[in-house]
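Please work through the following exercises with the sequence and the coordinates at hand. Each task is followed by a solution in steps.

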Amino acid sequence: MSISRSDAYAAAGVDVTAGYEAVDRIKPLVESTYIPGVIGTLGGFGGLFAPDVSGMKKPVLVSGTDGVGTKLKIAFLTDKHDTVGIDCVAMCVNDIVCSGARPLFFLDYLAVGKNVPSRIEAIVSGVVEGCRQAGCALVGGETAEMPGFYPEDEYDLAGFSVGLADQEHMLDGSSMAEGDILIGLASSGVHSNGFSLVRKVLNVTRERLAQPVAELGCTLGEELLKPTRIYVKAVQCLLTHGVHIRAISHITGGGLYENVPRMMKEGLTARIETASFPVPPIFGLIAREGAVSERDMYNTFNMGVGLVLAVPKEEVGLAKDILCRAGERAYVIGSVVGGGEGVELV
């Protein structure tokens with residue numbers, strides 16, 4: 001137990017002793033994510049990790065950073081804080097895996113209006129769960145109490161992750177060819193993008209979030225708080241079994257129209273058939289209540305596809321079988337064709 005305390009700082013709204021309690025609560029959670037390579041434990045000035053680069057010709061560190069965004073407003077209104085940490089991890093590690101890298105560790109940054117140790121514990125428990133799903137370690141973070149900057153019941157959550165890949169095995173789309181097949185991995189819903197539009201068109205209030213919605217099979221709040229799906233282990237399974245993934249795109253803000261072109265080789269187009277995969281009911285609700293055009297829906301949301309992979313045609317069956325055994329719902333959603341438009345939805 002620390003003997004550090006400051007009556008003057010407490011009078012200004014910052015309770016350092018609450019911070020110590022929060023650390024005591026989250027320390028065993030954090031340590032449960034440790035994997036080989038972690039050095040030391042929580043409490044140092046820096047998170048330490050010694051990566052195993054044996055067998056790699058040219059190790060490359062791959063990093064990604066992101067936050068949860070205005071989806072946090074749903075957590076505030078429902079007073080449910082144990083899932084947004086999964087979103088925070090997912091938004092980083094799903095980007096990293098697009099390069100073929102394996103996430104090694106994660107650090108979070110949590111800024112709060114008031115340090116409530118039980119709420120901090122709930123938030124970090126989500127980060128821990130996300131790290132477990134991604135197979136990476138939570139090696140550190142920062143909790144900043146900022147009275148007067150954030151309301152007492154609100155906070156912001158962001159983080160970053162670092163992964164490792166061998167340069168000669170990285171996925172950059174350079175081997176992509178006409179005739180390759182596009183496989184889409186199902187999303188769990190809205191994930192963590194487009195929530196400013198969601199909150200506007202659905203007129204989100206505490207009362208409405210608590211209401212069951214028949215077409216969703218749950219309350220609106222439960223649907224909107226479904227955490228972003230983490231695809232790291234599924235992609236690692238494909239690589240381990242020798243599937244020649246040409247490229248990967250994480251479908252985040254900007255939807256299919258913005259993200260798929262980022263993985264495409266110059267001179268080729270991803271032709272995606274929108275009828276080839278199921279669109280979750282939440283997107284129909286958003287489009288209907290907000291009178292949002294189909295183009296805008298596909299240019300804002302993932303529409304049911306959280307990750308797109310390009311693979312050789314002859315390996316589609318193997319890839320789908322591996323993905324199924326990894327617990328993913330995988331759909332053949334299109335193919336790579338000649339032309340330089342990036343993506344075409346039909």
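The exercises below concern a predicted model and treat its domains, the interface between them and a salt bridge.

**Exercise 1. Determine which residues make up domain 1 and domain 2, and how the UniProt entries compare in position.**

Step 1. The domain assignment places residues 15-43 and 57-169 in domain 1, and residues 180-345 in domain 2.

Step 2. The C-alpha centres of domain 1 and domain 2 are separated by 24 Å.

Step 3. In UniProt, an unreviewed entry lists "domain: PurM-like N-terminal" at residues 60-164. This span is 37% helix and 36% strand, and its end C-alpha atoms lie 6 Å apart.

Step 4. UniProt also gives "domain: PurM-like C-terminal", again from an unreviewed entry, at residues 178-342.

**Exercise 2. Describe the interface of domain 1 and domain 2: what area is buried, and which residues of domain 1 lose the most area?**

Step 1. Begin with the contacts: 30 residues of domain 1 touch 29 residues of domain 2.

Step 2. About 2400 Å² is buried between domain 1 and domain 2, and carbon and sulfur atoms give 67% of this area. On the side of domain 1, the most area is lost by Lys71, Ile74 and Leu77, which together make up 26% of what that side buries.

Step 3. Assign the domain 1 side to secondary structure. At least two residues each come from helix 3 (72-78), helix 4 (84-97), strand 4 (102-112) and helix 5 (117-134). Helix 4 gives the most, with 10 residues.

Step 4. By residue class, the side of domain 1 that touches domain 2 holds 15 nonpolar, 8 polar and 7 charged residues.

**Exercise 3. Locate the residue with which Lys57 forms a salt bridge, and state which parts of the chain the pair links.**

Step 1. Recall that side chains of opposite charge can pair when their charged atoms come close.

Step 2. The rule gives a count of 14 salt bridges. In one of them Lys57 pairs with Glu168, with 3.8 Å between the closest N and O atoms; the cut-off is 4 Å.

Step 3. Lys57 sits in the loop between strand 2 (48-49) and strand 3 (59-67), and Glu168 in the loop between strand 6 (155-166) and strand 7 (181-186). The pair thus links distant parts of the chain, 111 residues apart.

Key
Residues numbered from 1 in each chain as written. Predicted model: local features only at pLDDT ≥ 70, side-chain atom pairs only at ≥ 80, totals over all residues. Heavy atoms only, no water. Domains from an automatic or database assignment. Contact = heavy atoms within 4.5 Å. Buried area = accessible area lost by both parts, 1.4 Å probe. Helix = DSSP H or I, 4+ residues; strand = E, 2+ residues; numbered from the N terminus. Nonpolar A, V, L, I, M, F, W, Y, C, P; charged D, E, K, R; others polar. UniProt positions renumbered as here; feature names shortened; annotations may be inferred. Salt bridge = Lys/Arg side-chain N within 4 Å of Asp/Glu carboxyl O.
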